[in-house]
Amino acid sequence: MQPAISIANLSKTYATGFEALKGVNLDIRHGEIFALLGPNGAGKTTLISIVCGIVNPGSGKVLADGHDIVTDFRAARSLIGLVPQELTTDAFESVWGTVSFSRGLFGKPKNPDYIEKILRDLSLWDKRDNKIMTLSGGMKRRVMIAKALSHEPKILFLDEPSAGVDVELRRDMWEVVRRLRDSGVTIILTTHYIEEAEEMADRVGVINKGQLVLVEEKSVLMRKLGRKELTLQLQEPLSEIPQSVADFALELSGDGSELTYSYDTQGERTGITRLFKALEAEGIRFRDLATKQSSLEEIFVNLVSRKQ
């Protein structure tokens, strides 16, 4: 079966000279939730904007279920729904009116039953006659999803779907996305929230500085991301790491005042208790300790450096 989205050697340089994408290759499977992770400015929005026909590609090829997004634009675009990061809705229109209008823009015949189903699925049915301006930010986000689904797309792009959304509403949003996937819609979401990818995605792609650094099954990537650092501030500086604790792969700071231990939070055992016992046996005392989870930025930099 051909992929839902096939991207081959896609590049984009803007008129300013900024190179937003550099030879991106990616296949997205039918019926999966694919999370595209990256820091601000990494190229996430440019990538989905090209696939959705908003931005012209510089070079390369993109197919939506086999339809070229440039030479067969109408067929490709009819398969795609897009929920942008910005809340752009007609404030004075009703929920029913704006969703129905979006369906008409794609040349679809009126189908009140389908519009009702969307609104019920998104918990908007009770708000169908409300003007958009009266809704909360979370409800407006749901209306954006309803608009994107109005023409019955098979592929849905969500650009930072939980940006500016509180934790409780974010979890509601995740449940909506899961139900869409279960109904057969392929979901591609961009996010910089690790927990969002961990909660929802089947596969995860990491993009940094316009380059797709890696694509992994979620479980594999989470193991890579699940590392922490434990830093011990020593009472007395060390000139070197004793041989008795060398197996812990400790790092000693330049002035010898700190020991750093890296461990896997996903493992059955962190090894910290064993480390403390070994340090005590060696007579190494510490006056303070701190733990640090690698930031997403640091993870991206490490991944990029390993790929170069």
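A: Strands here (E, at least two residues) and helices (H or I, at least four) are DSSP runs, numbered from the N terminus. Strand 7 and strand 8 are joined by 5 bridges in the parallel sense, and I155 stands opposite T186 in strand 8. One note on the source: this is a predicted model, in which local features need pLDDT of at least 70 and side-chain atom pairs count only at pLDDT 80 or more, while totals for chains, interfaces and linings use all residues. Residues are numbered from 1 along each chain as its sequence is written, and side-chain values use heavy atoms, with hydrogens and water left out.

Q: What makes strand 6 and strand 7 a pair?
A: There are 4 bridges between strand 6 and strand 7 (residues 155–159), and the two run parallel; the requirement is at least two. Within this pairing, V83 has L158 as its bridge partner, and L82 stands opposite F157.

Q: Which strands form the open sheet, and in what order?
A: The order is 6-7-8-3-9-10, with mixed pairing across 6 strands. Strand 6 (80–83) and strand 10 (211–217) are the edge strands, as each pairs on one side only.

Q: Why is strand 7 called largely enclosed?
A: Buried means under 20% relative accessible area, exposed over 50%, and partly exposed in between (1.4 Å probe, protein chains only). Since 5 of the 5 residues of strand 7 are buried, the strand is largely enclosed by the rest of the structure. Both faces are covered, with I155, F157 and D159 on one side and L156 and L158 on the other.

Q: How do you know that the buried residues I115, I118 and L119 of helix 4 lie on the same side?
A: I115, I118 and L119 are the buried residues named in helix 4 (residues 112–121). They cover an arc of only 95 degrees around the axis, so they are on the same side of helix 4. That arc is taken from the directions from the helix axis to the C-beta atoms. Their cover includes helix 3 (95–105) and helix 5, where contact means heavy atoms within 4.5 Å.

Q: Why are W96 and W125 called an edge-to-face pair?
A: Rings of Phe, Tyr and Trp (its six-membered ring) pair if their centres lie within 6.5 Å; planes under 30 degrees apart count as stacked, over 60 as edge-to-face and the rest as tilted. A search of the whole structure finds 4 aromatic pairs. In one of them, W96 and W125 are 6.1 Å apart centre to centre with 70 degrees between the planes, which makes the pair edge-to-face. W96 is in helix 3 and W125 in the loop between helix 4 and helix 5, so the pair ties together parts 29 residues apart in sequence.

Q: What makes F248 and Y261 an aromatic pair?
A: Their centres are 6.1 Å apart, and the 75 degrees between the planes make them edge-to-face.

Q: How do you know that the charged end of R128 sits over the ring of W125?
A: The criterion asks for NZ of Lys or CZ of Arg within 6 Å of the ring centre and within 35 degrees of the ring normal. The charged end of R128 is 4.0 Å from the centre of the W125 ring and sits over it. Likewise, the charged end of K12 sits over the ring of Y14, 5.3 Å from its centre.
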